[in-house]
Amino acid sequence: MENKLLNGKWHATNERTGQEYPAQVPGFIQKDLMEQDVLPNEYDTLFEPKIEWVEHDGWTYRRSFELSDALLASEALEIVFEGVDTFAEIELNGKAIGSTENMFLSYRFDVKGIAQARNELVVRIASPTETLKEKERAFGEDLFLWNGISPRLFGRKAQYGYGWDWGARVATVGIHKAVRVEGYAQARGEHLGYRLTSLAPDKAIVNASHKIVNVRDTAFEAEVTYTIYDGEQAAAVKKETVSIAPGERTYETSLEIANPKLWYPLGHGEAHLYRLVVEVAAKEASYALECSVGLREVKIKMPYDEQGRKFLIEVNGVAILCKGVNWIPLKLWPNLDTAEEYRQEIEDIAAANMNMIRVWGGGTYENHDFFAECDRLGIMVWQDFMFACGDYPDDDAFSELVAKEAEFVLDEFGSHPSIVLWCGNNENMFFIERSRKKRKHGFGEKLYFDVLKEVCRKDTLRPYWPTSPYMLTFDDSRYEGDYGDLHSWYVWGQTHPYEEYREVNGRFLSEFGMQSYPSMKVMNAVDAEADLRDPKFDAMQKAPHGIQRLFYYTVGDYRLPATKEQFVYVNQLLQANALRYGVEHWVSRMPDTSGALIWQWSDLWPSISWALVDYGKVKKPSYYYMKRTFQAPNVVAKIAPGQAEASLYLIHDNGDFAGKVLVEYYDLATDKVVKTEERSVKGRGHQSTELDKLDVGGFDAAATIVFVNLLSSEGERLARQAYTLGKPYQLKLKPAQLTVTTKALDSGDTLISLRTDVFAKDAGLLNVVGTLSDNYFDLVAGETREIVLRGVLPEGFAIEAASLNGVKTIGYV
């Protein structure tokens, strides 16, 4: 097989104006025009109306290329488009060769007899918005939605491109994945995968399969060798002589692995990976394919209990406490992320003691590099199909397109062991139930409960869940939180106080969140001089009434700061406080609550949002709060303002645990521990254990910090949590002198030491890009905390440290 890659420089012509621009493939025309200063980029946060014209025009991509005589002489010659966004007609040398209608699919077109030594390839991409409007008119019924415009529902295109409550409207146009010419003789192979016929301690039976396309009218014999490698050692080999029939067929065989090593989620064992290789050798054709293999069994278990039914994701018979985040695309430009970018993001997720990512259904199916990194690190992936927040058409043509997409997704990505769940959509059960009031079956019901479910039947490596959230019932919300998974948005969405998180006893929290501003690094990149109500900053807030809600929640915890910078600092702390309050409650209910997935991991433009990591790649305080909350083993105290007693929980979601809990009551006036309590504790694995109550009565909320420490039996400190007895605004903090020193380590990393003279609340290093081992923590008087930054500080970067002690507030509040 011989390939010629057609990535790189193309030319794109606007069909309305005739203007031609250089264009990059893979890429998008909006990105190209921004880089050429034809359009403003996203740091002009008022850019949306200035760039919207692009999505309403047609764009013609073209490039010339040459093919060698050897490639032209290939028995089969095809052009492969791995991804086109979205509606395109394709010509080679003036002849139509095919069309595209789904940006999530790859397309392959026969060009034998059309291709020449010198070639002109033309891709005419229609306006996505105008095309979708035509489809909407042809459908003839009004469809309801949240976010974006209703025509988006009629196309298989990344839905977030039409704007969301955290994202700008950039309805992309382009060729966003690789293009190549492929020549081969006799046959080609694709979609190597496997299923597990048996998985026992002494033996695993792996059923390997892949598709072979025979381009001839007659069968031929080929020698097919399947090898499963454990590192460089062959763990199983099967060699067969196979008759390859004409057309496309799936060929499979079974292999046995003795004493198999299992793939476990992070924190529960090794995420062991084998490598499956298939080699096909025939008289005139030979090729090899490979994929990773993770031996694990995944089930959803829903046993009945007094509340209703649990929702447990079991991996290898272990009910996993799922701790993690919801994932939106990293950029405005879907699928342009590199392996290194994925590695950085997912390593940071793992470093925060998280073991699950939910890939949200309004974005895109990420690239193989994303899943490979999750495979390697043991990060479970809850994978939505790409439907979100709206009615979707259910006519035969659309259903057929959806089925084709699902089959491709399963074939393309199903070998990745990290994917533990397919889910039909995001939040469309609401829309199904709403539309059921006027039709027998709600819009989309056929897609999620029939079409996708049927396609997913063939995948035995993971379960299918029809929609998220889902309470196992139609038209009845009385059971919200007692069954299935839950998106909890009374806090923020309906402006309830975040203290109400402790009244939410859902079985699996697959979405919840609290907003905050991004770092001043991002704010200053937008406009360093603007105040917080400048239109440039207002435009960064896409959630309805978002600015009002931010102020409402922030002043509930803090006095009003006197400067913009300090308001951003305390607002980010508010986000951390709220998330911690909820997550501590849910992990304390394990296994009655078995999952907490925060909305959302990151930003894809300079947004005011729910993200833990902002667009400048600065991690907010909430990232470090969650790292400490998700660690295992752990201890949490459910302290609430005004209550004299607090529940104390040992959290240990792996094996059994025995150790000690040390509670220290720290007085801010004297900067001393005035009382200590120590108790021995034991807990069983895979559940939380409620300990004796903690008596916090009699202490002044304005002058007391409670440190709750978890110690091993030998006295080693495993976890340390700091609590206030009231709201942060009540604290009587002294001015703190923070001292920062840095030292280069032999590893290439940077050691940063942070010291304080008096107790410092939420001491943190501001605007640091990269991965810190810790940040935003409470320091006692005279304490020095050492922090490791992965890599080096940017040249010229001056570290700025802050604490709540240094926040100057408006005097009359």
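Start at the interface of domain 1 and domain 2, where two salt bridges are found, a salt bridge being a side-chain nitrogen of Lys or Arg within 4 Å of a carboxyl oxygen of Asp or Glu. This is a predicted model, in which local features need pLDDT of at least 70 and side-chain atom pairs count only at pLDDT 80 or more, while totals for chains, interfaces and linings use all residues. Residues are numbered from 1 along each chain as its sequence is written, and side-chain values use heavy atoms, with hydrogens and water left out.

Select R216 and E75 next, whose side chains meet in a salt bridge at 2.6 Å, N to O.

Now colour domain 1 (2-182) and domain 2 (186-294), whose bounds come from an automatic or database domain assignment. Their C-alpha centres lie 34 Å apart, and the area buried between them is about 350 Å², meaning the accessible area (1.4 Å probe) that the two parts lose on being put together, summed over both. In domain 1, select E75, A76 and R108, which lose the most area to domain 2 and together make up 83% of what that side buries.
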